[in-house]
Amino acid sequence: MRITFPFLYKTLFAFSLFMGCIQAQAQNAEKLHQRANAAMCANCHGSEGRTVDKSAVPPLAGLPKDYLVQQMQAFKDGSRKATVMHQISKGLSDAQITSLADYFATQTR
Amino acid sequence: MQRRQLLRYSLAMGATTSLMGHSVFAQNAATKAQVIVIGGGYGGATAAKYIRLLSAYKIPVMLVEPNAEFISCPMSNLVIGGSKTLQDLTTSYDTLAKKHGVQIVQDRVTRIDPDKKTVTLAKGPTLAYDKLVLSPGIELMLDSIEGLQAAHESGRILQAWKAGPETTALRKQLQDMPDGGVYALTVPEAPYRCPPGPYERASQVAFYFKQYKPKSKVLILDANPDVTSKGPLFKKFWSENYKDILEFRPNHKVTAVDANAGLIKFDVQESVHADVLNVLPSMRAGTVATQTGLANANKRWCGVNYLTFESSVAKDIHILGDAMLAAPAMPKSGHMANSHAKVAAAAVVAQLTDLEVNPSPFLTNTCYSYVSDNMVVHVASVHQFNVEEKTYKTVPGSGGVSSEANTLEATYAWNWAQNIWSDSLL
């Protein structure tokens with residue numbers, strides 16, 4: 001059996017690959033930005049959310065996303081007391097908190 | 001498949017793969033790109049590590065730093081107060097090399113040519129870069145105060161505003177001072193490196209005097225109209241703990257020093273005599289930045305595009321840390337430099353791999369000050385990039401300071417140091 005590709009299909013195929021590339025580039029950029037933003041937590045919570053041994057502040061790597069979002073909201077509304085985090089959390093938008101939580105949840109401990 | 005069809009198919013595919021190949025090409029270009037980082041402090045070391053991390057170890061990075069090891073400026077006042085040693089604050093550059101593949105070159109940069117995109121090292125070689133990350137810290141403007149340069153060179157009047165041998169030398173001067181003596185610390189007009197640093201240092205010296213030399217005095221002679229950072233917290237602790245030891249005098253701008261007579265002269269106020277003189281002059285961006293013409297703000301600080309930290313006068317030179325012209329309410333601190341470094345590292349990686357630069361970065365800062373060996377106060381802030389104004393702004397309602405000096409934050413302060421040293425260097 002002979003399979004033929006009408007030119008239209010080929011063009012569509014090529015175009016979808018091209019769009020896929022653009023999309024992949026955009027995803028790469030988004031991942032880079034998310035990782036760099038998450039690094040803002042690393043000065044206290046360790047690179048990629050992994051602290052030094054016996055750290056007084058918790059490592060964030062591998063914590064469930066929902067838990068991280070809840071705790072950040074609790075710092076924000078004052079229901080969880082803190083020395084510093086209530087002041088930092090108020091500087092972050094909900095979207096930023098979700099993105100950071102998403103990043104740390106996917107990191108291995 | 002017929003030959004003609006195959007041809008047409010491969011033409012269509014060819015166009016696609018060349019587009020697809022764009023990212024592959026960018027990746028290959030990145031692996032060939034040379035990034036040189038100047039300065040291995042909080043800014044430079046972090047930038048070197050994060051360019052490696054964020055490029056999945058594809059972009060080669062060379063770090064040029066004159067010192068053999070990293071010695072932290074934050075926490076160095078504790079060496080002066082006597083509760084830590086310099087060794088406690090020292091971290092090797094070995095892990096940056098071994099674990100992260102950063103090429104460490106122990107040398108000083110004598111010249112940057114922004115047009116040819118080269119740097120020349122003191123030991124001779126001239127190296128080409130595609131991206132230069134410049135984190136040279138500060139230069140103390142010793143010649144802005146009459147007599148200070150000579151007094152500094154003779155070792156009579158120290159600054160100890162870069163942690164190292166001078167830190168321990170200042171400690172020794174205090175140990176050698178007889179009880180009943182006066183330690184005078186002068187503070188330059190803001191901005192300078194580490195806004196709460198002088199007040200922490202004065203607290204540490206007062207803490208030492210209170211235990212070992214109770215008849216001695218600490219004098220803070222400040223060019224500013226009030227304590228620059230954490231003022232109410234410092235003043236409350238001083239009045240409750242160092243009342244008869246520490247005195248704060250605002251509006252004292254130093255014009256000259258006489259090291260032999262132990263005299264500090266001011267533009268308006270009466271001269272002051274002291275036994276140990278710790279005179280901090282005004283500061284500007286590190287010499288390599290000013291001599292390259294990058295300090296375009298008042299000839300002292302380097303203006304940058306805050307989205308990428310690229311110099312506003314030289315393409316492909318990204319400037320971080322204390323040398324940079326800070327955005328409003330942004331202190332010159334080690335934590336801030338570490339934060340700058342990550343935004344800059346991400347921008348460098350994005351630009352070298354043809355990705356979009358982060359349009360909305362943010363920065364954090366937390367700065368702890370020890371008022372004794374185990375009592376601490378902090379200031380924290382979040383700086384969000386403002387697209388319309390192209391600068392960072394603190395978020396209203398965010399940030400703040402400790403309610404009062406406390407011991408819990410001493411645990412967190414030392415913990416902060418361990419984690420940020422690890423984050424920057426390990």
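Residues are numbered from 1 along each chain as its sequence is written, and chains are lettered from A, and ligands numbered from 1, in the order in which they are written. Because the model is predicted, local features need pLDDT of at least 70 and side-chain atom pairs count only at pLDDT 80 or more, whereas totals for chains, interfaces and linings use all residues.

**View 1. Chain B as a whole.** The secondary structure of chain B consists of 11 helices and 25 strands; helices (H or I, at least four residues) and strands (E, at least two) are DSSP runs, numbered from the N terminus. Along the principal axes, the C-alpha atoms of chain B fill a box of roughly 100 × 45 × 40 Å. Of the 426 residues in chain B, 51% are buried, that is, 20 or more other C-beta atoms, placed from the backbone, lie within 10 Å of their own.

**View 2. Helices H2 and H10 of chain B.** The axes of H2(B) (residues 42–54) and H10(B) (residues 334–352) come within 8 Å and cross at roughly 35 degrees. Axes are lines fitted to C-alpha atoms, for helices over the stretch in contact, and angles run from 0 to 180 degrees between N-to-C directions. The crossing is right-handed, the near helix being turned clockwise from the far one by less than a right angle. Among the residues that make the contact are B:Tyr42, B:Tyr50 and B:Leu54 of H2(B), together with B:Gly334, B:His340 and B:Val349 of H10(B); residues are in contact if their C-beta atoms, placed from the backbone, lie within 7 Å. By class, this contact has 12 nonpolar, five polar and one charged residues. Ala, Val, Leu, Ile, Met, Phe, Trp, Tyr, Cys and Pro count as nonpolar, Asp, Glu, Lys and Arg as charged, and the others, Gly among them, as polar.

**View 3. The side of chain B that touches chain A.** Here 50 residues of chain B are in contact with 38 residues of chain A. The elements of chain B that give two or more residues to this side are helix H1 (3–32), H2, H10, strand S22 (362–370), strand S23 (376–386) and helix H11 (408–425). By class, this side has 23 nonpolar, 22 polar and five charged residues.

**View 4. The open sheet S14-S15-S16 of chain B.** Three strands in this order form an open sheet with antiparallel pairing; two strands pair if DSSP finds at least two bridges between them. S14(B) (residues 254–258) and S15(B) (residues 263–266) share four bridges, and B:Ala256 has B:Lys265 as its bridge partner. Four residues lie between these strands in a hairpin, where B:Gly262 in the turn has a positive phi of about 65 degrees. S15(B) pairs with S16(B) (residues 272–273) over two bridges, with B:Leu263 opposite B:His273. The hairpin of S15(B) and S16(B) has five residues between the strands.

**View 5. Strands S11 and S12 of chain B.** S11(B) (residues 182–187) is mostly covered, with five of its six residues buried. S11(B) pairs with S12(B) (residues 217–222) in the parallel sense over six bridges. B:Leu221 in S12(B) is the bridge partner of B:Thr186.

Technical notes:
Contact = placed C-beta atoms within 7 Å. Buried ≥ 20, exposed ≤ 12 C-beta atoms within 10 Å, placed from the backbone.
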